Amino acid sequence: MSLKTFAACGSVLVCLLAGVRAGAQELSELAQPPNGMNQKAEVSQWIGLVKVTIAYHSPNVHGPAGRDRTGHIWGELVKYGMFDDGFGPSKAAPWRAGSNETTTVSFSHDVKIGGHDVRAGTYALFLEVQPSGPWTWILSTQAGWGAYQYDQKYDVVRVAAAPEKAPYTEFLTYGFDDRRLESAVAFLQWENERVALKIDVPNSLQLYVDQMRKDLLGWPGFNYQNWQNAAQFCADNKINLGEALVWADKAISEPFRNAAQGKKDFSTLRTKASVLRAMERGADADGVMDEAVAMPDAPVIGIHQYGTSLIAAGRKEQAMAIFRMNRERHPDEKFVTYVGLARGYTALGDTKNAIANWEIALENIPENQKPNLPLYQQALKALKEKPER
């Protein structure tokens, strides 16, 4: 090859390499800064047991060269509607909701978005921006590079969202607000705009039950207290009650004979009673609680709490009987037992005896209860100011 021919080939090669470096840094085999210095970012949030992760590239308002683009983001840098960017096969694409590679959102479990079921997995996240009216979030099963190969047939969900004015944000940022056990609101915020996407997990409690069921098959199942805690969770949330009753019984008499046995005591019996009451089997629950309070280990505070729960249920006479029994069984305890009597007499409308028992209780208040003294004094004061019948 002549020197002249080699030089010509070299010039072409340099041009080709320059084009590759300028437009495809993300595909380079060597680690290089991202296109436009738009750094990668990722944010995750748990909604109960569901993990949601948004992965994106974050541009800033002032751009890679420091040029101020304030007022030129929406409608200019980010074009309105579905547009043709001049690359790839798509001639009508939404914004990639970030920069460089396609923004993605991942769900560890099935969720609901805009009333639509979305299965666990990773989706491309696009946004169709409008000069007025709602914007549109788009979840697609096809994630590529940017939105250059966007095809509407791969859309899973399209959800309208009203943008809101927001404090100035230099870097495009994703985050989560209104975090609850059953939902959270993801949001994109950049320059002076903010747009939200609500993610619902309508079966959040059931997911916990399902996970507990799996956990109990493993090492946690060797501890009777884990069976009890699982049963109590179901009782408290009125869910999976039939299986919860089985779990409560396992806590009492199983799970593993001669290895890690269940334990029949006030606590485990109370949990079983809670499940029965949640099942609206009140008589059965009362029978279990009669057995629980008769247990030698029945603690003074546990009996007291049972009495207060009876007051809350409007069962005043039964509560008074429990408070009297607690006092008789624990003659040396002179605070909790007298507070119980005071509450019982108050519920029955016997102000005189309620006052007398409050006064004894406050004379014997322990150190760990002194922070609550103002509340107790207020209860006593209210009784003393109550008009006599």
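A pocket, as the term is used here, is an open set of grid points with protein on both sides within 12 Å along at least five of seven lines. In this predicted model, the largest pocket has a volume of about 570 Å³. Of the 26 residues that line the largest pocket, L77, R96, S99, N100 and Y148 are the closest to its centre.

The second largest pocket has a volume of about 300 Å³. Its lining is made up of 16 residues, of which A273, S274, R277, Y306 and S309 lie closest to the centre. Two or more residues of this lining come from each of the elements α3 (224-237), α5 (266-278) and α7 (300-312), and α5 gives the most to the lining of the second largest pocket, with 5 residues.

| Pocket | Volume | Lining residues by class |
|---|---|---|
| Largest pocket | about 570 Å³ | 13 nonpolar, 7 polar, 6 charged |
| Second largest pocket | about 300 Å³ | 7 nonpolar, 4 polar, 5 charged |

The model also holds an open sheet of 6 strands, in which the order is β1-β2-β3-β6-β7-β8 and the pairing is antiparallel. The edge strands of this sheet are β1 (39-47) and β8 (155-161), each of which pairs on one side only, and neighbouring strands are turned by 20° against each other on average, direction ignored. Within the sheet, strand β3 (residues 104-107) pairs with strand β6 (residues 121-128) in the antiparallel sense over 4 bridges, and V105 stands opposite Y123 in β6.

Definitions and conventions: Residues numbered from 1 in each chain as written. Predicted model: local features only at pLDDT ≥ 70, side-chain atom pairs only at ≥ 80, totals over all residues. Heavy atoms only, no water. Pairing = 2+ DSSP bridges. Axes fitted to C-alpha atoms, helices over the stretch in contact; angles between N-to-C directions. 1 Å grid on protein atoms, 1.4 Å probe; cavity = no way out; pocket = protein on both sides within 12 Å on 5 of 7 lines; lining within 4 Å. Points joined across faces, edges and corners; volume = space filled by probe spheres on them. Nonpolar A, V, L, I, M, F, W, Y, C, P; charged D, E, K, R; others polar.
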